[in-house]
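Let's take a walk through this structure together. Have the sequence and the 3D view ready, and follow along.

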Number of protein chains: 2
Amino acid sequence: MSGWQPVRRTRAFEDVIAQIERRIAGDGLRVGDRLPGERQLAEQLRVSRSSVREAMRVLETLGVVSSQVGRGPDAGAFLISRPAEALSDLLRLHLGLSNLSLEEVVDARLMIEKWSAAHAAAHGADLSALTAALERMEATTTAEEFVEHDTAFHVAIAEASGNRLTTAMMLSLRDSLRRYAVEAVGRLGGTAGLMDDHRRIHRAIATGDAAGASAAVEDHLRRAYPGISRAPRAEDDEGLEGQQGRSDRVG
Amino acid sequence: MSGWQPVRRTRAFEDVIAQIERRIAGDGLRVGDRLPGERQLAEQLRVSRSSVREAMRVLETLGVVSSQVGRGPDAGAFLISRPAEALSDLLRLHLGLSNLSLEEVVDARLMIEKWSAAHAAAHGADLSALTAALERMEATTTAEEFVEHDTAFHVAIAEASGNRLTTAMMLSLRDSLRRYAVEAVGRLGGTAGLMDDHRRIHRAIATGDAAGASAAVEDHLRRAYPGISRAPRAEDDEGLEGQQGRSDRVG
DNA sequence: ACCACAGTATGGTCTGACCACATTCCCCCA
DNA sequence: TGGGGGAATGTGGTCAGACCATACTGTGGT
């Protein structure tokens with residue numbers, strides 16, 4: 001793994017990607033539009049179908065293309081926009097490689113969820129989805145069920161922030177941590193405390209209290225994932241910041 | 001037997017990815033380790049080399065594998081960890097598709113850079129890279145050159161925050177906005193104001209003033225990208241109440 | 001020692017074939 | 001006339017095999 005030279009000549013499939021990208025920018029292709037078939041694309045770009053297919057795999061991985069087999073208006077490759085799925089795959093693999101620690105992921109999620117809650121509170125967006133998720137959450141009995149609606153609650157907050165990019169990031173981060181979420185409910189011995197947290201978050205957002213919403217989300221996540229991260233907090237912290245080391249990481 | 005479900009039977013290359021992923025998790029493969037050759041992998045997994053190659057393209061796109069041609073210790077496919085490149089590709093394409101607005105990207109970047117600066121200030125990390133970038137920036141003459149060292153400055157902040165995930169996000173966001181950065185320098189008619197911003201950021205981080213660093217970054221980015229986003233109106237949108245308040249206003 | 005060249009393993013590319021699937025077409029029968 | 005059902009078609013998915021470009025490795029000659 002010593003120094004790789006920057007002399008990499010472009011591979012055929014990279015050329016295909018660049019051409020398609022150019023077409024998106026130039027011809028104004030939009031989500032839902034259809035791309036030429038693999039064989040046709042290969043002929044147009046003077047490459048083999050294999051190279052076209054490799055390019056399609058890349059674009060599919062990046063969440064901008066989806067392919068359907070068969071025939072008819074629904075078959076073929078279409079432009080889509082699914083950044084969240086792509087991000088999830090990315091995070092999952094890098095977590096598996098242990099190149100990103102759980103702490104880093106949880107920290108990033110804390111950052112995004114606090115930001116989302118603050119913005120949601122400030123925008124005064126529609127909170128019906130938020131309220132609905134809260135009510136459903138109260139009616140659950142199993143941890144899995146609770147986590148499901150808990151996710152819906154947090155997703156609703158992210159969407160209320162009005163930023164699709166941070167929403168996608170949040171979705172994928174949460175997805176990466178799902179297996180730890182159920183575990184957290186078990187560790188806490190119940191959902192009572194978490195429900196209180198959620199009501200507090202909801203109240204803060206509903207009243208437009210950005211700082212309160214942000215703080216409530218932080219408290220909530222720190223309850224669910226104890227032992228994470230030292231925040232740059234200032235005086236609003238009692239100083240019991242003595243992060244007693246990483247807690248267990250059940251698998 | 002009839003367990004095969006609904007619409008999508010797994011494709012061969014997806015199987016290959018899953019196998020490799022399992023190998024990473026199970027056999028404890030690490031960054032720098034080498035994967036079997038494409039032909040060997042194809043034989044092991046009973047699929048064609050094409051399918052293996054499509055899987056490699058996906059893993060390459062996600063920034064976890066890198067392939068080198070030729071022969072010897074440096075040839076073949078290796079596990080790497082380059083989440084930032086993958087994120088950049090992802091953002092670039094989605095921006096091109098107009099499914100993410102410039103405002104959303106700038107907002108996300110604002111969130112991350114403020115967070116990074118606050119954490120860098122709180123951690124008291126090594127600031128030599130930061131200082132060096134600042135000095136080099138002062139010596140530049142062209143906009144392009146300035147932007148280059150400006151990037152180094154902000155990257156140094158992100159790395160000082162100690163979180164590789166947020167650093168990768170910041171890198172890719174910045175990468176997506178590079179073309180707007182040079183333009184911004186021209187619009188401002190010079191780099192004097194930006195330099196002041198940088199010095200203020202540097203000072204805040206060096207003195208451990210998390211709130212000040214966060215505020216300084218916000219002022220800086222709002223100067224560079226005017227007309228973006230309404231912030232949540234709260235004196236505390238990062239959960240950090242100013243240790244010494246937001247001292248100086250922009251000067 | 002050194003250099004030149006053949007050997008070889010690697011990814012990159014291409015060709016052409018066949019399969020699975022889903023729609024569309026069209027003929028035959030009721 | 002209407003409907004049913006099989007054939008035709010077009011799509012991605014997969015495969016096998018070949019060849020190329022590259023870059024190390026080994027060998028032999030100087």
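Two residues are in contact if their C-beta atoms, placed from the backbone, lie within 7 Å. Counted that way, the contact takes 53 residues from chain A and 55 from chain B. On chain B's side, H5(B) gives the largest share, 10 residues. By class, that side has 28 nonpolar, 14 polar and 13 charged residues; Asp, Glu, Lys and Arg count as charged, Ala, Val, Leu, Ile, Met, Phe, Trp, Tyr, Cys and Pro as nonpolar, and the others, Gly among them, as polar.

A quick note on what you're looking at: this is a predicted model, where local features need pLDDT of at least 70, side-chain atom pairs count only at pLDDT 80 or more, and totals for chains, interfaces and linings use all residues. Residues are numbered from 1 along each chain as its sequence is written, while chains are lettered from A and ligands numbered from 1 in the order in which they are written.

Now for the DNA. Of the 23 residues around DNA strand D (C-beta atom, placed from the backbone, within 6 Å of it), those that come nearest include A:Gly37 and B:Arg11. The surface near DNA strand D has 8 nonpolar, 9 polar and 6 charged residues.

Finally, look inside chain A. Helix H5 (residues 102-123) and helix H7 (residues 143-160) of chain A pack at an angle of about 60°, with their axes 7 Å apart. H5(A) and H7(A) are therefore oblique to each other, and their crossing is left-handed. Among the residues that meet there are A:Glu113 in H5(A) and A:His154 in H7(A).

Conventions
Helix = DSSP H or I, 4+ residues; strand = E, 2+ residues; numbered from the N terminus. Axes fitted to C-alpha atoms, helices over the stretch in contact; angles between N-to-C directions. Parallel < 35°, antiparallel > 145°, perpendicular 65-115°, else oblique. Left-handed = near helix turned anticlockwise from the far one by under 90°.
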